[in-house]
Amino acid sequence: MAKTSKKTMIIAEVIFLAVVAAVLAVTMFFCEPIELALGLKYEKAVRVPTGDADADYTNALKVHFVDVGQGDCTLVQLPDGKTMIIDGGENNASVKSAIVEYVAENFDASFKYFDYAILTHPDSDHCGSMDDVLAAYPARVSYRPNVEANKDGYVDPGKSELTSGAKTKDTAAYKNCIEAMYKANDDFTPVVHVTDPADESQTITGGEGDGAYTFTFYSPLSVKYTDWNNYSPIMILEYKGFRFAFSGDAEKENEAEFVKRVAEAKTDGIDDKYDVFTDDYTVHVIKAGHHGSRTSTSQAYIDAITTPEGSAAAYYIISCGAGNDYGHPHSETVDRLKNMGVPDENVLRTDEDGDFMLSVRSDNGAFKLFCNGFKTEYELAYKTAGSIELKWAVVAWCGYAVLVVITVVQMTFTALGGRSSGGRRRR
């Protein structure tokens with residue numbers, strides 16, 4: 001009985017191996033869909049040189065990073081013709097004129113107003129020139145931090161909208177910026193929001209169907225911080241499947257709150273906007289926080305907003321001044337990007353590259369990301385283990401080989417066990 005039972009087990013195991021082999025053989029006809037489903041294949045970004053002589057900017061998104069020295073200023077031309085300014089550089093005459101002149105040279109001659117102005121936080125290297133820029137080009141809708149401006153007894157016009165016990169800042173640069181945001185003109189009375197990611201009505205949307213875009217605020221998630229930088233919102237602009245991430249000078253505390261909220265969204269079962277940050281979510285352009293400081297753009301933050309492949313293929317924008325006193329960008333940030341596999345040409349710095357623009361626009365019928373004379377093409381590539389490409393055939397048959405070895409060892413022990421028992425019975 002024992003011999004028969006063991007022989008039956010061995011036969012069953014052989015049949016099992018044969019069935020598994022047959023099933024795997026059938027799957028060889030469907031390698032690519034299986035590889036995509038298992039994540040063995042991914043879209044690899046490839047930079048391709050291109051000329052802009054015949055560039056088609058119809059329905060294009062343009063994001064301009066303006067060289068304002070040690071400070072920050074981003075200008076956005078949205079695909080439906082609306083415009084945005086994010087921060088306004090330091091409080092000095094050269095920066096003020098640089099921004100105004102850049103707008104005059106790069107925007108339509110008929111341009112008169114920004115549709116949106118965003119002040120990330122109240123430090124002067126972000127708000128300093130905003131008053132002059134908004135005097136030249138007022139904003140219809142503005143977003144401001146939850147900080148009261150109270151320079152020399154100034155009464156902040158948005159005080160009633162701030163949270164109870166909000167911190168105050170008494171600098172002239174911040175006061176002038178806030179004043180400019182609320183100043184009425186002959187054409188409209190501005191609307192000013194205190195940035196609040198919990199207020200879904202603050203999400204900016206435009207376009208229709210496949211041409212729709214969104215600009216979403218995801219932080220700050222606390223109402224008060226000890227560091228002014230942490231009032232900066234984490235923001236995502238999405239158009240045609242391409243995403244830009246902005247975060248002002250957000251430090252690790254702000255980023256950590258965001259990362260925690262993203263992690264909670266994966267487990268709490270609550271349907272909210274943080275659910276978009278799945279394991280497949282990818283960001284294509286990341287504005288490094290705080291001018292490339294070691295205290296921002298943490299690995300945890302990058303991992304929360306994009307995949308490992310996406311982080312290596314993304315463009316990283318660093319706005320900083322040449323020879324600045326802070327040592328920005330810090331070597332820790334630069335080294336982190338290198339260790340992630342980010343090529344040097346994907347790190348763009350205003351201190352080295354001056355002004356530059358990234359655009360999402362049509363190229364032979366398909367929308368692609370363009371930057372500095374290059375366009376980004378995407379081709380399917382295999383993930384690797386060392387130098388071995390993880391093709392389905394390799395993974396499947398290697399796994400099968402392991403299964404065969406385990407099964408053969410098991411059958412050997414079974415057979416040996418049978419002979420051993422038989423010997424004892426003969427004694």
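K112 is where I'd like to start: at 48% relative accessibility this lysine counts as partly exposed. Its side chain meets that of D187 in a salt bridge, with 4.0 Å from N to O. What I like about this pair is that it links distant parts of the chain, 75 residues apart. K112 is in the loop between helix 3 (93-106) and strand 5, while D187 is in the loop between helix 6 (172-182) and strand 9 (191-194). And D187 is also partly exposed, with a relative accessibility of 48%.

Please keep in mind that everything on the screen is a predicted model. The mean pLDDT of the protein chain is 91, and 94% of its residues reach 70 or more. One stretch to treat with care is 421-427, where the pLDDT is below 50. Beyond near neighbours in sequence, that stretch has one contact in the model.

Now, back to the salt bridges. How many does the structure hold? The count is 21. Let me show you a few more of them.

Take E179 and K175, whose closest N and O atoms are 3.5 Å apart in a salt bridge. Why are these two separated by about one helical turn? Because they sit four residues apart in helix 6. E179 is partly exposed, at a relative accessible area of 38%.

Next, please look at D344 and K338, where the N to O distance of the salt bridge is 2.9 Å. Is D344 buried or exposed? D344 counts as exposed, since its relative accessibility is 53%. K338, at 44%, counts as partly exposed.

There is also a network, in which salt bridges link R261, E264, D268 and D272.

Let me zoom out to the whole chain. It has twelve helices and 21 strands. Along the principal axes, the C-alpha trace spans about 110 × 55 × 45 Å. The radius of gyration is 29 Å, whereas a compact globule of 427 residues would have one near 22 Å. Of those 427 residues, 48% count as buried. Among contacts with a separation of 6 or more, 69% come from residues 24 or more positions apart. As for the accessible surface, it comes to about 20100 Å², and carbon and sulfur atoms account for 54% of that.

Staying with the surface, have a look at helix 1. V23 is located in this helix, which covers residues 2-27. Together with I11, I15 and V19, V23 makes a nonpolar surface patch of about 340 Å². V23 itself is partly exposed, with a relative accessible area of 48%.

D123 lies in the loop between strand 5 (114-118) and helix 4 (124-127). Its relative accessibility is 17%, and therefore D123 counts as buried. What does D123 touch, leaving aside its neighbours within four places in sequence? The contacts are K169, W228 and N229.

Finally, some backbone details for those of you who enjoy torsion angles. In general, most residues other than glycine have a negative phi, and most peptide bonds are trans. This model has some exceptions that you can look up on the screen.

N59 is not a glycine, yet its phi is positive, at about 55 degrees. You will find N59 in strand 2, residues 56-65, and at 47% relative accessibility N59 is partly exposed. T297 also has a positive phi, near 50 degrees. T297 is in the loop between strand 14 (285-287) and helix 8 (299-305), and with a relative accessible area of 1% T297 is buried.

Then the peptide bonds. Which bond is cis with omega near 5 degrees? That is the one from S219 to P220, and P220 is in the loop between strand 11 (213-217) and strand 12 (235-239). Another cis peptide bond joins H328 and P329, with omega about -5 degrees. P329 belongs to the loop between strand 15 (315-318) and helix 10 (331-339).

Technical notes. Residues are numbered from 1 along each chain as its sequence is written. This is a predicted model: local features need pLDDT of at least 70, side-chain atom pairs count only at pLDDT 80 or more; totals for chains, interfaces and linings use all residues. Side-chain values use heavy atoms; hydrogens and water are left out. pLDDT is the predictor's confidence in each residue, from 0 to 100. Contact means heavy atoms within 4.5 Å. Buried means under 20% relative accessible area, exposed over 50%, partly exposed in between (1.4 Å probe, protein chains only). Patches are made of residues with over 30% relative accessible area and no salt bridge: like charges are joined within 9 Å, nonpolar side chains (Val, Leu, Ile, Met, Phe, Trp, Tyr) within 5 Å. Accessible areas come from the Shrake-Rupley method with a 1.4 Å probe; for residues, only the protein chains shown count as cover. The radius of gyration is taken over C-alpha atoms; the globule rule is 2.2 Å times the number of residues to the power 0.38.
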